[in-house]
Amino acid sequence: MCSIPVRSLLVLLVALLGYLPVCAQTVANDSVGDRKKVAVVLSGGGAFGAIHVGALKVIEEVGIPVDMVVGTSMGSIVGALYSVGYDSDDIATMFRTMDWTELFLDRENYRRLSLADRDARNSYIYERDFYVRGGIDPQPGGLIRGNRVEGAFAYYLQGHTDSIDFLRDLPRQFACVATDLVEDEEVVLTHGRLVESMRASMSIPGVFTPVHMGDLVLVDGGAKNNFAADVARRLGADIVIGVKFDLELGTDKQYRTLIDVMERSAGSDVSRRARENEKYCDLLIKVPVRGYTSGSFTKGAINALLERGEKYAREKMDSLMLLKSQIGLRQGENNAMHLREINNLQPIDDGKGGLIKSHEASTIQAGLGLRFDNEDIMAAKLGGRYFIGDKANKELDLTLRLGLRSMLRLGFDYEPSPWKKMGLSYEIWYKYIDLFTRGKRSNNLSFMYQHDNVKLFSFEAMCFDCEIGVGWEHYHIFSDLWNNNSTMTFKRNEHFFNYHAQLRYDSEDKHYFATRGTRAEARYAYYTDNFAQWNGHSGISAVSAMWQTTISLTSKTQLRPSVYGRLLFGDDLPVLMGNVAGGATYGKFFDQQVPMVGGGHAEFFDSKLIAASLRLQQRLKGHHYVLLDAGVAEHNNDLDRIFDRRLMWGTRLAYYYNSGIVGPLGVSLGWNNHTHRLNLLVSLGYDF
């Protein structure tokens with residue numbers, strides 16, 4: 001065994017007496033007998049952590065026993081997984097199947113959100129919570145809380161999530177390195193909650209929030225010791241095998257690219273220490289990662305880095321075999337350790353039953369959305385919700401949309417009992433819209449739209465909500481430029497009062513590119529101009545409904561049939577209350593607008609409109625999708641004769657990349673026998 005200097009022993013003793021859970025200690029329980037103890041040291045590096053998995057695969061094949069793993073940042077994640085008994089194949093499967101983008105976005109479980117929260121999720125590229133009134137910010141010092149990261153690895157580390165001794169209570173001894181912001185010092189974690197320690201070791205400053213352990217405020221260990229071979233020696237390792245990435249940055253480089261400059265300038269002191277720590281290794285496996293960055297978490301990059309780790313470890317095969325002969329293995333000793341398999345993991349019961357996620361009291365939730373397309377050009381959305389949270393929960397919200405369709409919304413909700421809400425809201429829109437008639441541009445319309453809504457009763461549960469209320473709508477036309485294709489006449493001012501009831505259900509696993517689940521909505525509204533009648537006679541009834549479900553044919557192929565429509569009943573129907581169809585989404589230019597497969601823009605149709613569509617969704621690779629839609633529609637002013645007209649039909653072919661952060665990015669090409677023209681849509685970002 002290596003001798004330990006007196007100074008180190010004194011420091012160790014003080015640490016043990018002071019704050020034991022977060023400091024390195026000598027190994028109390030040593031099961032290696034009289035042979036040499038072997039440690040593997042794994043460097044930090046984000047996506048570069050995949051090289052460690054490839055290298056571990058070769059170490060397993062050689063038959064070298066791994067008694068201890070010391071990791072920093074991503075190396076701590078690989079090391080903890082290896083220490084609880086997963087083998088390299090299991091960890092490689094995790095790396096390949098894990099959605100790293102979703103993991104780092106830190107979003108709550110989609111199915112635990114109310115439908116209103118899902119609407120926000122599906123339009124904002126970034127959301128953040130803030131505490132007010134002197135509370136503690138749930139995201140101090142970082143953009144990402146890390147809840148999804150902790151949740152994901154708590155699943156993989158089942159049975160080892162309580163406070164334990166990493167050097168005594170794990171199948172392989174484990175330690176990881178973090179940085180204490182208070183003292184600006186390296187901290188070696190060998191006690192405590194395993195998931196929390198991993199989370200601290202990988203908390204990139206400014207990106208992830210620091211982890212508080214007692215008086216310590218911990219961030220990424222890479223800030224102080226990104227390759228902790230010296231720690232392995234201090235913890236009693238006789239033989240140290242190091243695995244680290246090699247950026248191949250030399251003095252002969254010109255450093256003309258931004259990546260080269262950032263890689264060279266960021267953490268030069270840390271790089272120097274990492275090089276100095278190489279002297280503690282009996283064998284060093286350096287893996288070149290040129291062509292990739294620490295953020296290369298795509299499936300292709302992960303596979304390539306896994307293969308590189310294995311390739312460069314195999315180049316050290318002779319040295320590994322020689323090292324094995326020096327360990328002093330006992331006759332017949334079995335070094336294989338595969339105590340856990342990811343296929344045997346059990347789902348974690350979070351105990352929430354059918355409850356939706358509730359919001360913390362006295363918090364503000366802010367969101368930002370951006371969108372580009374060739375119809376709406378550019379749009380931005382800013383939203384803020386303040387959860388007051390006293391004896392009865394109250395919520396204030398403010399939403400601003402900027403673009404050709406600009407909007408300001410103010411709302412207040414009051415929750416006298418769980419799941420039950422009352423509230424009121426006001427929104428005002430300015431819209432500048434091109435209208436089409438029989439597939440040809442006919443009107444250029446600019447108008448102001450105001451909408452007051454009083455929510456008399458609403459009920460929210462998982463996947464479901466309902467609302468009963470009254471409302472007021474007002475249209476003011478600023479300009480109506482028309483040509484010979486136009487058949488519509490707009491009044492300068494129109495207003496309506498309405499009574500309405502609405503039901504919504506959504507069990508889809510995703511709003512975009514769902515792989516399972518059903519979405520449905522039904523709404524009834526009764527319109528008047530004086531709370532009782534419309535133009536001196538009975539009011540106007542509007543019935544709308546939609547239903548769609550997703551059927552998985554394979555893990556990558558889904559079918560999505562849907563039916564939808566809107567029926568108006570009454571006399572003297574206002575034009576702006578009429579049925580509108582066009583585009584690929586609901587409510588694009590008008591609240592009542594429904595999609596028309598193959599058709600773009602917005603067009604008014606008769607008072608009775610029904611449609612159906614079928615989508616074939618094919619995931620090609622990673623986040624790449626191809627969609628093929630086919631749809632039919634009918635419209636008429638007489639419900640009994642709705643099928644008498646020529647059937648409208650259309651088709652659309654689309655390609656999308658689901659970025660996860662900024663939303664779907666894609667292009668679609670459609671054709672409809674009503675418009676008799678190709679419709680091209682370039683869409684970048686979430687719909688809102």
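Because the model is predicted, local features are taken at pLDDT of at least 70 and side-chain atom pairs only at pLDDT 80 or more, while totals for chains, interfaces and linings use all residues. Residues are numbered from 1 along each chain as its sequence is written, and side-chain values use heavy atoms, with hydrogens and water left out.

Side chains of opposite charge can pair when their charged atoms come close. Here a salt bridge is a side-chain nitrogen of Lys or Arg within 4 Å of a carboxyl oxygen of Asp or Glu. By that rule, the whole structure holds 38 salt bridges. One of them joins Asp 119 to Arg 504, with 3.3 Å from N to O. Asp 119 sits in helix H6 (residues 115-121) and Arg 504 in strand S21 (residues 493-506), so this pair ties together parts that are 385 residues apart in sequence. Helices (H or I, at least four residues) and strands (E, at least two) are DSSP runs, numbered from the N terminus. For accessibility, buried means under 20% relative accessible area, exposed means over 50%, and partly exposed is in between (1.4 Å probe, protein chains only). Asp 119 is partly exposed because its relative accessibility is 40%, whereas Arg 504 counts as buried because its value is 18%.

Arg 504 also meets Asp 465 in a salt bridge, at 3.1 Å from N to O. This pair links distant parts of the chain, with Arg 504 in strand S21 and Asp 465 in strand S20 (residues 464-482), 39 residues apart. Asp 465 is buried, since its relative accessibility is 11%. Another salt bridge brings Asp 629 and Arg 652 together, at 3.0 Å from N to O. Asp 629 belongs to strand S28 (residues 624-636) and Arg 652 to strand S29 (residues 648-658), so the pair connects parts that are 23 residues apart in sequence. Asp 629 and Arg 652 are both buried. Salt bridges also form a network, which links Asp 117, Arg 385, Glu 395, Lys 421 and Glu 460.

Strand pairing brings Arg 504 back into view. Two strands pair if DSSP finds at least two bridges between them. S21 and strand S22 (residues 517-528) run antiparallel and are joined by 10 bridges. Within S22, Glu 521 is the bridge partner of Arg 504. S22 is in turn joined to strand S23 (residues 540-552) by 11 bridges, and these two strands also run antiparallel. Tyr 527 has Ile 540 as its bridge partner in S23.

Rings of Phe, Tyr and Trp (its six-membered ring) pair if their centres lie within 6.5 Å; planes under 30 degrees apart count as stacked, over 60 as edge-to-face and the rest as tilted. The count comes to 21 aromatic pairs. Phe 166 and Phe 174 form a tilted pair, 6.0 Å centre to centre with 50° between the planes. Phe 166 is buried, because its relative accessible area is 0%, and Phe 174 is buried because its relative accessibility is 0%. Elsewhere, ring pairs link Phe 447, Tyr 449, Tyr 475, Phe 496, Tyr 527, Trp 534, Phe 590 and Phe 604 into a cluster.

Charges can sit over rings as well, when NZ of Lys or CZ of Arg is within 6 Å of the ring centre and within 35 degrees of the ring normal. Lys 431 lies over the face of Phe 590, 5.7 Å from the ring centre. Lys 381 lies over the face of Tyr 124, 5.1 Å from the ring centre.

The expected span is 1.5 Å times one less than the number of residues. The 16 residues of H12 should therefore span 22 Å, and the end C-alpha atoms are 23 Å apart, which agrees. Its buried residues are Ala 301, Ile 302, Ala 304, Leu 305, Leu 306, Gly 309 and Ala 313.

Finally, two backbone angles deserve a look. Most residues other than glycine have a negative phi. Ile 377 has a positive phi near 60° and lies in strand S15 (residues 377-387). Ile 377 is exposed because its relative accessibility is 53%. His 601 also has a positive phi, of about 65°, and is found in the loop between strand S25 (579-581) and strand S26 (602-605). His 601 counts as partly exposed because its relative accessibility is 25%.
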